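Here is a friendly walk through one protein model. Take a look at the sequence and the 3D view first, and then read on.

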Amino acid sequence: MPFEIKIIKTEQYPVFILKDTSNNSEVEIYAFGGIVNAFKINIDNEILNVIDGFENVLDAVTNISKGFKSAKLSPFVCRMNKGEYSFNKIDYKIEKFYLQQHAIHGIIYDVTFTMVENKTDESKAELILQHIYEGTDIGYPFNYTTTITYILTSENKLNITTTVQHNNDFEIPYADGWHPYFTLGNSIDECNLQFDSTQMIEFNETLLPTGNTIVDETFVEGKLMKAIFLDNCFAMKSSGKCVLKNDKLQLVIEADENYPYLQIYTPDHRQSIALENLSAVPDCFNNYMGLLLLQPNKAYTFTTSYQVKNI
């Protein structure tokens, strides 16, 4: 079979390698955080990793909160105003990580995921990881289970589906997302970005939504990223497609309708770009823009695919 899965247990937490032996593309996934740490593509007999990841598991454990590379964003995304919100007339305050005055990037970005299943056949390599959150943060005392399915198929395509379910006796607030950084092997100043959005979410000076949107058609036809700096959120139209390309390659990201927002961040080093599919905007527990109320014992899914192609 052209597909195989290897499990490496020599590091602090297991590492899973999904490989297509027909073209030597492979995906490296950490049990720590469920992180997609590498997506390596064979381009003209050279291996390119399109994920700006960590050196190893220890690096991820030590530095996950310095940039949150490939972090799972759950049960809230990006920033929450002072880590506070009210739900069912009860006030809550998140304990976990703050950047300046705001809680950021959820609660489970550094938890350990357990393997549920791995399998291969002629068409794919599939890995299923799961984490059961037991309400340990007093700011989010609601248990829920996150199951992530990673599928590597032919032609350098990776599908990631997150399934969330809970068994509380009442609905719970929720938002889902990812925080991957991508590179095509050169500075993002030399890359073109295109996606289908004409509405940018207006932020205040602390990067929280004001509740308004701004007409912005910058990226509808594609735009060279040279000298463009972003830490912004866009409302996607019917298509969840986003394309990052240079003169040789293009990365095509396609999100389903449950990820209607795209958050983009350009680090100062300009060697990669964060393209984050989100189910809601930042601070949605307070502004309700995209906030989900998950019903008990009902599965909710969120899917994104990534494919690297020659131009």
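Phe170 counts as partly exposed because its relative accessibility is 37%; buried means under 20% relative accessible area, exposed over 50%, and partly exposed in between, using a 1.4 Å probe and protein chains only. Phe142, at 4%, counts as buried. This is a predicted model, in which local features need pLDDT of at least 70, side-chain atom pairs count only at pLDDT 80 or more, and totals for chains, interfaces and linings use all residues. Residues are numbered from 1 along each chain as its sequence is written, and side-chain values use heavy atoms, with hydrogens and water left out.

Now for the rings. A pair of aromatic rings is described by the distance of the centres and the angle of the planes. Rings of Phe, Tyr and Trp (its six-membered ring) pair if their centres lie within 6.5 Å; planes under 30 degrees apart count as stacked, over 60 as edge-to-face and the rest as tilted.

| Pair | Centre to centre | Angle between planes | Kind |
|---|---|---|---|
| Tyr92 and Phe142 | 5.6 Å | 70° | edge-to-face |
| Phe142 and Phe170 | 5.9 Å | 80° | edge-to-face |

Tyr92 lies in strand β9 (residues 90–93) and Phe142 in the loop between β13 (124–133) and β14 (144–153), so this pair links distant parts of the chain, 50 residues apart. Phe170, in the loop between β15 (157–165) and β16, is 28 residues from Phe142. Strands (E, at least two residues) are DSSP runs, numbered from the N terminus.Next, which side chains make polar contacts with the side chain of Asp176? Lys72 does, at 2.6 Å, and Tyr259 does too, at 2.6 Å. A polar contact is a pair of N or O atoms within 3.5 Å; within protein, one must be able to donate a hydrogen and the other to accept it, and residues adjacent in sequence count only if both atoms are side-chain atoms. Asp176 sits in the loop between β16 (172–174) and β17 (177–179), and it counts as buried because its relative accessibility is 0%.

Finally, an open sheet of 5 strands runs in the order β1-β2-β3-β4-β5, with antiparallel pairing; two strands pair if DSSP finds at least two bridges between them. Its edge strands, β1 (3–8) and β5 (46–49), each pair on one side only. Strand β4 (residues 36–43) is joined to β5 by 4 bridges, and Ile41 stands opposite Leu48 in β5.
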